[in-house]
Amino acid sequence: IANHKGSAFGALGEQAQPSQEMFENLLAVALASSFNGNSESKENSDHSQPVIDNLYIEDESQRIGLLNIPGGLWQNMRKSRLVFIDVPLEERLNYLTAEYGKFSKEQLVNAIIRIQKRLGGLETRQAINHLLDDNYKECFRVLLKYYDKWYSKALVNRDNLPKLLNKIACASVDVTTITHQLMNEKSIAV
């Protein structure tokens, strides 16, 4: 809906982002269709107590590119159960290399430069040098280390983490397998 993947690389391969107002409208429509299975039943449902079964929202920062997740939804996301999909590092590296390695070096370097202050000078140079040497996997290894550090920090700063967190081990970044495991996740104790 945001036409952005939520990182410094998030705009690559995406259409232009909608306006904030359009984003919120599209988000409202998507969420409304999740209430009681679809939006057709809204006149028969009690929206003061919405029932959303198996709705998963990626744990993003409040800002996605140029857009902001509305405050009320953001606060609810921060209090909701959290499923951490634990995929081995090498599998994630293979996925990122395939997903982002198709973009031009110029686009990738520009994305790396956008995070250089937080990434650090040495890591920025290493990532760019690996990229210029056509060693995409090592470039993404440097970047993944950076992103893992920030995601871990955001995770541990979450209120009531032990009560909210459920880790699910997945062998690969395969949408079908992950979806199947998420659908069965309700039976796993939190």
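## Rings, charges and a helix crossing

Lysine 167 lies over the face of phenylalanine 84, at 5.2 Å from the ring centre. A charge is taken to sit over a ring if NZ of Lys or CZ of Arg is within 6 Å of the ring centre and within 35 degrees of the ring normal. Arginine 118 is placed over the face of tryptophan 150, at 5.4 Å from the ring centre.

This is a predicted model, in which local features need pLDDT of at least 70 and side-chain atom pairs count only at pLDDT 80 or more, while totals for chains, interfaces and linings use all residues. Residues are numbered from 1 along each chain as its sequence is written, and side-chain values use heavy atoms, with hydrogens and water left out.

Aromatic rings also meet one another. Rings of Phe, Tyr and Trp (its six-membered ring) pair if their centres lie within 6.5 Å; planes under 30 degrees apart count as stacked, over 60 as edge-to-face and the rest as tilted. The count comes to 6 aromatic pairs. In one of them, tyrosine 100 and phenylalanine 103 are tilted, with 6.3 Å centre to centre and 40 degrees between the planes. Ring pairs link Phe9, Tyr100, Phe103 and Phe140 into a cluster.

Tyr100 and Phe140 also take part in the contact between two helices. Helices are DSSP runs (H or I, at least four residues), numbered from the N terminus. The axes of H3 (residues 89-100) and H7 (residues 136-156) come within 9 Å and cross at roughly 115 degrees; these axes are lines fitted to C-alpha atoms over the stretch in contact, and angles run from 0 to 180 degrees between N-to-C directions. Contact (heavy atoms within 4.5 Å) involves residues of H3 including Leu89, Leu93 and Leu96, and residues of H7 including Tyr136, Arg141 and Leu144.

Two residues other than glycine have a positive phi. Aspartate 134, with phi near 60 degrees, is found in the loop between helix H6 (121-132) and H7. Asparagine 160, with phi of about 55 degrees, belongs to the loop between H7 and helix H8 (161-164). Most residues other than glycine have a negative phi.

Buried means under 20% relative accessible area, exposed over 50%, and partly exposed in between (1.4 Å probe, protein chains only).

| Residue | Relative accessible area | Class |
|---|---|---|
| Tyrosine 100 | 9% | buried |
| Phenylalanine 103 | 14% | buried |
| Aspartate 134 | 52% | exposed |
| Asparagine 160 | 52% | exposed |
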